[in-house]
Amino acid sequence: MLDIQIIRENPQMINEAANNKKNPIDIDSIINLDNEKRDIIREVEKLKNQRNVSSQKIAVLKKQKQDASKLIEEMKSVSDTIKNMDLQLAQKEQQIHEHLIRIPNIPHKSVPHGESEKDNAVVYEWGDAREFSFEPKDHLEIGTALGIIDFPRGAKITGAGFPVYKGAGALLERALINFMLDTHSGNGYTEIFPPFLVNRASLFGTGQLPKSEDQMYYINEDDLFCIPTAEVPVTNLMREEMIDFVDLPLKFCAYSACFRREAGSYGKDTKGFLRVHQFNKVELVKIVLPEESYEELELLRKDAESILKLLGLKYRVLMLCDADLSFAAAKCYDLEAWAPAEQKYLEVSSCSNFEDFQARRMNIRFRPQGKEKPRFVHTLNGSGLATARILAALLENYQTEQGTVLIPEVLQPYMHGIKEIGPR
RNA sequence: GGAGGGGUGGCCGAGUUGGCUUAAGGCACAGGUUUGCUAAACCUGCGUAGGGGCAACCUUACCGGAGGUUCGAAUCCUCUCCCCUCCGCCA
């Protein structure tokens with residue numbers, strides 16, 4: 001959510017930014033409603049002042065045992081008028097709110113302008129593509145042959161896009177999660193194990209609601225949603241709180257299962273792990289001082305990248321152009337791991353700075369040093385990383401001609417020393 | 001699921017016969033006095049969010065949330081959310 005005052009002062013700039021983000025808004029309605037609202041405020045406040053003054057007079061009269069009935073009569077009609085105007089005011093405010101919550105965050109100045117994801121800029125590349133002396137198989141084929149992933153049975157017990165991990169596959173998944181959590185918590189991130197169901201207020205806070213309600217699994221009876229990412233519960237840890245500036249930055253890492261309906265994306269990336277309804281992810285969340293958020297974004301990106309480097313996976317980093325930025329983000333880097341059989345990069349992480357967009361929605365503030373007023377914090381998050389696509393990249397990159405899969409050294413301690421996954 | 005208790009400003013904590021409480025007091029914080037330095041003591045200031053004003057400042061709202069009664073509500077009424085204790089059920 002943006003500050004209405006900024007919108008009031010820069011309507012053209014906001015309108016253009018929203019258009020660039022492919023998220024058009026009705027700026028004129030907002031400005032008009034805002035003006036109407038302020039007109040009402042000015043009038044009703046005069047009446048309320050009159051009411052307060054008269055109530056005091058009535059109190060004094062009554063104390064002196066004098067008659068106050070005339071004044072009380074007068075105030076009855078004033079009170080009615082106030083009640084009416086308050087109603088109008090609430091309506092205006094509700095209408096403004098409905099607009100405000102649908103205005104996307106403004107892209108940072110460093111974000112390139114573009115028309116689509118094709119205009120995202122490659123800002124960094126690491127690692128060499130592995131040379132194969134044989135025709136590499138895709139991860140689905142490898143995993144199925146080794147009996148470590150089972151999509152058909154997942155489909156049987158739940159539905160398409162709910163993979164089952166078996167044996168060494170289950171162990172590898174757990175190893176990845178533990179490895180990532182250990183790495184990040186050793187790096188100053190406090191580990192959180194969050195609830196996987198959240199309420200509406202939390203999803204509104206991080207910006208998934210109201211825009212993306214149809215993308216989430218919903219439990220009607222309790223009005224709760226399955227989390228699409230640990231970002232939601234972890235960032236909302238600090239919702240409605242005032243943080244002392246000496247405690248900033250806050251750094252959290254959290255494992256969670258992630259649930260996504262992926263409505264409207266059928267037919268895209270359907271193979272294997274490329275797009276599933278439930279996957280595992282370790283998420284990084286930072287709550288920081290506004291002045292430091294862009295520096296912290298670079299550090300966050302570096303921390304996420306370190307996992308790919310330790311796993312020895314070739315990857316690249318994209319800076320998203322404005323047209324591809326998500327609703328709440330001001331700037332975002334995508335990390336993409338190379339999958340040799342797919343012959344394409346798989347998005348395994350998104351590292352975003354939301355500036356105060358989420359903080360305003362969640363009312364997370366900090367009290368600066370001295371006599372300064374409380375201000376909104378900046379929030380950031382990034383996957384560190386999503387295991388489903390990492391698993392795909394691992395299987396494809398570390399496959400052997402015999403159909404086995406080598407385990408990267410850093411994961412071996414997490415896999416009882418297993419160096420290679422072979423046939424059962 | 002049943003019974004009881006409670007939600008007040010950054011924190012702690014008064015305030016339930018409605019009206020000099022548009023929230024006492026304390027802590028923390030900021031400035032100052034005293035002091036060789038630190039500490040302590042003392043003095044002063046200090047809630048949040050709107051609206052108006054160049055500014056000093058004026059004004060409105062806010063005591064978990066939403067309604068209601070009233071000239072006037074932290075205080076009375078209704079609904080609702082959350083927390084705590086005990087009982088029941090259960091991994």
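**Notes on the predicted model**

1. Where α5 meets α12, the residues in contact are H139, I142 and G143 from α5 and A392, L395 and E396 from α12. By class, this contact of α5 with α12 holds three nonpolar, two polar and one charged residues. Please bear in mind here, and in every point below, that this is a predicted model.

2. As for the geometry of that pair, helix α5 covers residues 139–146, and its axis comes within 8 Å of the axis of α12, with a crossing of roughly 80°. Since angles from 65 to 115 degrees count as roughly perpendicular, α5 and α12 are therefore described as roughly perpendicular to each other.

3. Helix α12 (residues 387–397) also packs against helix α7 (residues 168–185), at an angle of about 115° and with the axes 11 Å apart. The two helices, α7 and α12, are therefore roughly perpendicular to each other, and their crossing is right-handed. On the α7 side the contact is made by L172, E173, L176, I177 and M180, while α12 supplies T387, I390, L391 and L394. The residues of this contact of α7 with α12 divide into seven nonpolar, one polar and one charged.

4. A further partner of α7 is helix α10 (residues 293–311), and the axes of α7 and α10 come within 11 Å and cross at roughly 130°. In this case α7 and α10 are therefore oblique to each other, and the crossing of α7 and α10 is right-handed. From α7, the residues L176, F179, M180, T183 and H184 meet D303, S306, I307, L310 and L311 of α10. The contact of α7 with α10 comprises six nonpolar, three polar and one charged residues.

5. Which residues come nearest to RNA strand B? Of the 25 residues around RNA strand B, these are R8, E45, N49, K76 and S79. Sugar and phosphate make up 73% of the atoms of RNA strand B that come within 4 Å of the protein. By class, the residues of the surface near RNA strand B are seven nonpolar, five polar and 13 charged.

6. For R8, an N or O atom of the side chain is 2.9 Å from a phosphate oxygen of RNA strand B, and for N52 the corresponding distance to a phosphate oxygen is 3.2 Å. The elements that give two or more residues to the surface near RNA strand B are α3 (27–63), α4 (69–100) and β14 (365–367), and α3 gives the most, with 12 residues.

7. A cis peptide bond joins L209 and P210, with omega about 5°, and P210 sits in the loop between α8 (200–206) and β6 (218–219). Another cis peptide bond joins L248 and P249, with omega about 0°, P249 lying in the loop between β8 (242–244) and β9 (250–259). Finally, D223 has a positive phi of about 55° although it is not a glycine, and D223 is placed in the loop between β6 and β7 (224–226).

How values were computed
Residues numbered from 1 in each chain as written. Chains lettered and ligands numbered in written order. Predicted model: local features only at pLDDT ≥ 70, side-chain atom pairs only at ≥ 80, totals over all residues. Heavy atoms only, no water. Near = heavy atom within 4 Å. Polar contact = N/O pair within 3.5 Å; in protein donor to acceptor, adjacent residues only side chain to side chain. Helix = DSSP H or I, 4+ residues; strand = E, 2+ residues; numbered from the N terminus. Nonpolar A, V, L, I, M, F, W, Y, C, P; charged D, E, K, R; others polar. Axes fitted to C-alpha atoms, helices over the stretch in contact; angles between N-to-C directions. Parallel < 35°, antiparallel > 145°, perpendicular 65-115°, else oblique. Left-handed = near helix turned anticlockwise from the far one by under 90°. Contact = heavy atoms within 4.5 Å.
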